[in-house]
Amino acid sequence: MRSFSTLIALRSRGGLRQGILSSPQRHASTFQQTIAATSPRTTWTRDEISDIYNQPLMELASAAGNVHRRFHRPSAIQLCTLMNIKTGGCTEDCSYCAQSSRYSTGLQATKLSTVNSVLEAAKIAKENGSNRFCMGAAWRDMKGRKSGMQNIVEMVKGVRAMGMEACVTLGMLDKEQAKQLKEAGLTAYNHNLDTSREHYSNIITTRSYDERLQTIENVREAGIHVCSGGILGLGEVPETDHVGLIHTLATLPEHPESFPVNKLVPIKGTPMFGQEPVKLEDLVRCIATARLVMPATIIRLAAGRVTMPESEQMLCFMAGANAIFTGEKMLTTDCNGWDEDKAMFGRWGLEPLQTEASKLLGDSGSVHHDQVISEDPRVRIGEERLQAQG
Ligand code: SF4
């Protein structure tokens, strides 16, 4: 019969994998250095991230919570609202997506929404406390969409004029299109990698991982913040594919400003329908590992939050998540509503995270200095908070 300590070692992935992946000395030293970090680094090896991911979960979540407090105000959670501005009819074959024209999901395709209707929705989002308004269009790319781009430029300008951050997700983007959006005042561009490079071809075949990385590079070069993350529950192996996804993003020339973590929302008619849901422990491991290796990044608990009890959401916040999507809908899927989230904030003493982009243009009267994430918070916030703690 196994002893209690043997069982613990077997249940802890660190215990299972430590001897395979690395020496105990390196394992301990990587983790200790990560916990002590005061600035982000982009030189991670995949083994280092794997060592972190496979720590005993309580150690991992606790360390992530500590690092989170050094770089961010732990009670501050950003409220974002995501609107679908062009639904369905997409030529891509992302095997989880209701909007792909390749699958029969019953979704009605629409044209691009009018500028006025989008700005009206942004106004409602702002009145309800959101300070980031994200707009998604179900397109492969922006080729030949001149009038569409003009309208989106107007939407971006309108959202920014309200004092909100503006984010769009429009598929692949070239350098010139990225420049146009930057000139319109776009805060961030969302382009998820979805999963690891190794698992990617099981999910999407119509565009490559490298094409996704090229769009991210175009966005970064234009001076727009990058929002890029993944979807968990796509039939991946968490220990390798979550680590692979985080490793790719954490070793870009700069970390993404935003890392959305989506839980697959299974859509009937798509190939991913019927997948085993991601386990809570794997979701928390992913968030905590991302927090440790990309300490200044905003981690967004995104699609699928509506399926999580409040206690699970809080566990994610304690492990380093600090943004949510709230409102009537999140693209085509259900979303926790503003009233529900306001009540949750009240129960747990949470407050909306203010950002530099929204503070500059909006009402800054109640913003605390240390709630503000600057245009480049990466070194300053960690060092300031460490001094404060010391
Ligand atoms: S995820 Fe985006 S690119 Fe992929 S099918 Fe859906 S709308 Fe198209």
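Reader: Where is Ile124 found?

Author: Ile124 sits in helix H6. Keep in mind that this is a predicted model.

Reader: Why is Ile124 called partly exposed?

Author: Let's do the count. There are 16 other C-beta atoms within 10 Å of Ile124. Buried needs 20 or more, and exposed needs 12 or fewer. The value for Ile124 falls in between, so partly exposed is the label.

Reader: How far apart are Ile124 and Thr81 in sequence and in space?

Author: They are 43 residues apart along the sequence, while their C-alpha atoms are 9.9 Å apart.

Reader: What makes a crossover right-handed?

Author: Point the strands away from you and follow the path from the first strand over the helix to the second: if that path runs clockwise, the crossover is right-handed.

Reader: Which other strands are joined to E1 by bridges?

Author: E12 (residues 351–352) is joined to E1 by 2 bridges, and the two run parallel. There, Ile77 has Pro352 as its bridge partner. E9 (residues 323–325) is joined to E1 by 3 bridges, also in parallel, and Leu79 is partnered with Ile324.

Reader: What joins E2 to E3?

Author: 5 bridges do, with the strands running parallel. Arg132 stands opposite Glu165 in E3. Together, E2, H7 and E3 form a right-handed β-α-β unit.

Reader: Why is E3 also called largely enclosed?

Author: Here 5 of the 5 residues are buried, so E3 is largely enclosed by the rest of the structure.

Reader: Which residues of E3 point one way, and which the other?

Author: Glu165, Cys167 and Thr169 point one way, Ala166 and Val168 point the other way, and all are buried. In a regular strand, side chains alternate between the two faces of the sheet.

Reader: How do you know that E3 and E4 pair?

Author: They have 2 bridges, and at least two are needed, so they count as paired, in the parallel sense. Cys167 faces Ala188 of E4 in this pairing. E3, H8 and E4 make up a right-handed β-α-β unit as well.

Reader: Which residues of H8 are buried?

Author: In H8 (residues 175–184), the buried ones are Gln177, Ala178, Leu181 and Ala184.

Reader: Why do we say that they line one face of the helix?

Author: Look down the axis of H8: the buried residues fall within an arc of 120 degrees, so they line one face. Their cover includes helix H7 (146–161), strand E3 (165–169), strand E4 (188–190) and helix H10 (209–221). Just after H8 comes Gly185, with a positive phi of about 100 degrees.

Reader: Is Asp141 buried, exposed or partly exposed, and where is it?

Author: Asp141 lies in the loop between E2 and H7. It has 17 other C-beta atoms within 10 Å, so it is partly exposed. Setting aside neighbours within four places in sequence, Asp141 is in contact with Gly171 and Met172. Leu173 is 32 residues away from Asp141 in sequence but 6.1 Å away in space, C-alpha to C-alpha.

Reader: Which residues surround the ligand?

Author: Cys90, Glu92, Cys94, Cys97, Gln99, Ser100, Ala138 and Gly171 do. This shell divides into 4 nonpolar, 3 polar and 1 charged.

Reader: And how many helices and strands does the chain have?

Author: The chain has 16 helices and 12 strands. Of its 390 residues, 47% count as buried.

Key. Residues numbered from 1 in each chain as written. Predicted model: local features only at pLDDT ≥ 70, side-chain atom pairs only at ≥ 80, totals over all residues. Helix = DSSP H or I, 4+ residues; strand = E, 2+ residues; numbered from the N terminus. Arc of directions from axis to C-beta. Contact = placed C-beta atoms within 7 Å. Near = placed C-beta within 6 Å. Nonpolar A, V, L, I, M, F, W, Y, C, P; charged D, E, K, R; others polar.
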